[in-house]
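Here are my notes on this one, point by point. Keep the viewer open while you read.

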Amino acid sequence: MNAILILEQMLNGLQMGLMLFLLAAGLTLVFGIMDMINLAHGSLYMVGAYLIASITAATGSFWAGLGFGVVGAAVFGVLLEISILRRLYQRDHVSQVLGTFAILLMCNESVRLIWGSQPLSLNPPLALSGPVEIFTGFSYPAYRLFMIAVGLAVAGLLYLLIAHTRIGMQVRAGASHREMAMAMGTNVQRLFTLVFGVGAALCALAGGMLGPLLAVQVGMGESILILAFVVIVIGGIGSVRGALLGALLVGCIDTAGRTLLPLVLVNVAGAEFASNAGPALSSILIYIFMATVLFFKPRGLFPSHG
Amino acid sequence: MTKPLLHIEKLVKRFGGLTATDHADLSVEKGKIHALIGPNGAGKTTLIAQISGAMPSDSGRIVFARHDITKMTMDERARLGLVRSYQITSIFGRLSVLENIALAVQAIEGSSFRFWSSARSEKERYEKAHAVAQRVGLGTRLTQLAQALSHGEQRQLEVGLALASRPQLLLLDEPMAGMGPEETERMVGLLDSLRGETTVVLVEHDMDAVFKLADKISVLVFGKVIASGNAQEIKDNPSVKVAYLGDDFQHLNVSQVTP
Amino acid sequence: MADLKPVPSVLEHTLQLRWSLPFLALLLALPLAAYSVGDTFYVGMATRVLVFALAASSLNLILGFGGMVSFGHAAFLGIGAYSVAILMQNGIASAWIAWPLAILLTALVSLLIGWVSLRTQGVYFIMITLAFAQMLYYLVISLKAYGGDDGLSLAARSSVGGGIDLSNDVHLYYLSLGALVMAMVFMVRLLNARFGHALQAIRENEVRMTALGFAVFRYKLAAFTLAGAVAGLAGVLFANLNGFVSPAMMQWSQSGMLMMMVILGGVGHLYGGVIGAIAFLLLEEFLSHYTMHWQLGLGAVLLAVVLFAPNGITSLLKRKASHD
């Protein structure tokens, strides 16, 4: 096991974590402010990815695809919020789970209807498709560096937005004390729609960027949705800071589990055990981590509700 | 003096930088009605939560019936006989008055890990519930759904639920909150009748009621009990007067009250 | 003395024999009807509905009556099913040995999962049950010896003896029906007993129950374990019905389907699971004849139910009955 490999995996973990953060940030805010469990969040990710892939294919430009796709997904998210999701805010969690689960099913089938069952291909722009030499002997894909850069930029922007603007203050107030925020004159309806739109945009961004790495196909939202929920539960619902920390932790643990754990297992317990137990253990690792966190901190690392 | 039924020693609760309960001491004698008063924000609700077990304490001790209950859960304390009622009504809205109270009786009578025989068939339990309902003035409202009761009736049910558990100590959090004069008088009568039968710790803002009922009064200010004594002692206490400047206490004319 | 018999209440449930008995008669007659028409395909399909009804009813116990939103219930189906399949692979085909073992194992696992999960509330509970289910799902996929991703076939259906031959679809049908009927009878007794009253009251106002002196955790855990065990039984029947088990039956979307059945049928109504399973599977059957994209229609129906009939079909039926 050499240092280069570890460094590479750490960067992969960082990249994964930051992408997860894009998904988790919107999810935790929706949950924290509107007190709504939104299983359709993964659908926004999927729709975003599909839009970006289609526009990229149509225009030949990844950047055009990314730009218009993100906007398109945001619009879709806002329309969804206004038409259906708004009615679920006051309902109990079971109703929200089932209602958004229904939307998830409908989105999956609609996408299948429009684009078919075959995965779409999405390629990174030519400029970013090669490796970058970070220091002698160590090269890392330019595209992944780009993802890390975008992720960090978004995190920074969100921080600025939430900590230093009026809207951000309203968001923070809404996340910790909804009634108080309402009493203070926040136009709650508009705030909700805004938060939802931003969340949808972030999802689409993540979907578009991950598209070249993972597949753009129906059902891509589900697996990452669960991870996003794990992230916000670990981080504490309503906390963007928690979402970042949780996402980074989950990203690193997942990556380490997938790549490093089997290596450890091979050395410790032999190749056969490693190939059998390795994948299972690494998938389970995240959940064990979440269960452990919840055991000691039943409301996550940074519970934001009073 | 006999050993107190409830004894609180240097109880502390902090919320970040705020010390809500600041080394509070309290002794409650068996069979008496003990009132806990204090200006708004004094920490009465927090203290009640700590005594009932809804909130853990940072330090200090709570001794009840010679058990150290400081670390016990709320349901363990209730089973020991320390039962509370809530300031914000917390009843079973979709159940009838009788069912509400019958549940409370069920809690302390035998195990509820019975899976086959009908709970409804326990006539005795329902009759006990009926008796409690009558006692709190809901004898004619037995079959009414709790959520359909008037506010005052719901407060009566609130106390009834606690009473049905046949507690050794009743912890009542503003039982008369939001009640009109007639209802208040009825509640005062009810609480008065409990003297000797059950020990009562009463948190109240209604000073008339407090002075009518309480054998002993403790005054809580900024999480500390600054005075404990009978009605006259409390009224004469200078630090109490200072604490209550401008609050409920001022309007009460000393000469109006008979010792 | 006032009449102490409280009015019909949220806590009390009946078997509603007025319509359930005729319905049962119909179910009993179904295989005979199928035979006379010469088409026994529907017997297998009906068995599937019965087993799902059993599974959904077990979820209804904790979700509808206990207020515990468990998103990992399908995992218990899987454990029951896999236990039978694995035992069968190792030569144990007798139902008298395999089935109790399967149910016991499922009960044990649900006890453990419940013990950890029930410490949390609200969405955290939902997430942690989901997490545990995912863990089991991935665990099962990784067991190459038992088929891994591809699943495991059963060489035959469990042997019962005494003239009962489960390889005969009709026998399996009647056995499943018997299991469902027994489960319903047990459930109505349980709900009307002290335990059921306590459980439902916990759903209504958990904090007050604790304040009254009920050890709420124990009741929830007991209900959770019981529900898991019954789901294990349903899993056992599935394994026999399909002759095949696979990790797919433990996916979280399957848990979602079970929840859909419960809400469709009516959360907290005795027959909510049964009605929901029937409605769901009929809907699935009907829609899939029209289009490949039947899940779109299913989603739309579910959404409509959530938005406009949150108490499910049962409450719609009740409302209609009271207007007659």
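1. A term first: a crossing is called right-handed if the near helix is turned clockwise from the far one by less than a right angle, and left-handed if anticlockwise. Also bear in mind that this is a predicted model.

2. With that in hand, go to chain C, where α2(C) and α11(C), the latter spanning residues 272–290, cross in the right-handed sense. Their axes sit 7 Å apart and the packing angle is about 130 degrees. Angles over 145 degrees count as roughly antiparallel and 65 to 115 as roughly perpendicular, and α2(C) and α11(C) are therefore oblique to each other.

3. Who meets whom in that pair? From α2(C) come Arg48(C), Val49(C), Phe52(C), Ala53(C), Ala56(C), Ser57(C), Leu59(C), Asn60(C) and Gly64(C), and facing them in α11(C) are Gly272(C), Gly273(C), Val274(C), Gly276(C), Ala277(C), Ile278(C) and Leu281(C). Sorted by class, this contact of α2(C) with α11(C) has nine nonpolar, six polar and one charged residues.

4. Now a helix pair in chain A: α1(A) (residues 3–34) and α8(A) (residues 188–210) have axes that come within 8 Å and cross at roughly 160 degrees. That angle makes α1(A) roughly antiparallel to α8(A). The crossing of α1(A) with α8(A) is left-handed.

5. On the α1(A) side of this contact you'll find, among others, Met19(A), Leu22(A), Leu23(A), Gly26(A) and Met34(A), while α8(A) brings residues including Phe192(A), Phe196(A), Gly199(A), Cys203(A) and Leu210(A). The class count for α1(A) with α8(A) is 20 nonpolar, two polar and no charged residues.

6. Still in chain C, is α7(C) (residues 194–204) mostly covered or mostly open? It's mostly covered, with 11 of its 11 residues buried. Those buried residues include Arg194(C), His197(C), Gln200(C), Arg203(C) and Glu204(C), along with Phe195(C) and Leu199(C). The cover includes α3 (97–108) of chain B, plus α2 (41–65), α6 (169–192), α8 (206–212) and α9 (216–242) of chain C.

7. That brings us to the B–C interface, where 35 residues of chain B are in contact with 28 residues of chain C. On the chain B side, α2 (74–80), α3 and α4 (123–135) each supply at least two residues. The biggest giver there is α3(B), with seven residues. By class, the side of chain B that touches chain C has 17 nonpolar, 10 polar and eight charged residues.

8. For the A–C interface, the contact takes 36 residues from chain A and 34 residues from chain C. Helices α4 (93–115), α9 (220–235) and α11 (271–296) of chain A each put in at least two residues on the chain A side. Of that side, α4(A) gives the most, with 16 residues. The chain A residues touching chain C divide into 25 nonpolar, seven polar and four charged.

9. Finally, some sheet in chain B. Strand β1(B) (residues 6–15) runs antiparallel to β2(B) (residues 18–28), and eight bridges join them. One of the pairings is Val12(B) with Asp22(B). The two strands make a hairpin with two residues between them, and Gly16(B) in the turn has a positive phi of about 65 degrees. β1(B) also pairs antiparallel with β4(B) (residues 59–64), through five bridges, where Leu6(B) has Phe64(B) as its bridge partner.

How values were computed: Residues numbered from 1 in each chain as written. Chains lettered and ligands numbered in written order. Predicted model: local features only at pLDDT ≥ 70, side-chain atom pairs only at ≥ 80, totals over all residues. Buried ≥ 20, exposed ≤ 12 C-beta atoms within 10 Å, placed from the backbone. Helix = DSSP H or I, 4+ residues; strand = E, 2+ residues; numbered from the N terminus. Contact = placed C-beta atoms within 7 Å. Nonpolar A, V, L, I, M, F, W, Y, C, P; charged D, E, K, R; others polar. Pairing = 2+ DSSP bridges. Axes fitted to C-alpha atoms, helices over the stretch in contact; angles between N-to-C directions. Parallel < 35°, antiparallel > 145°, perpendicular 65-115°, else oblique.
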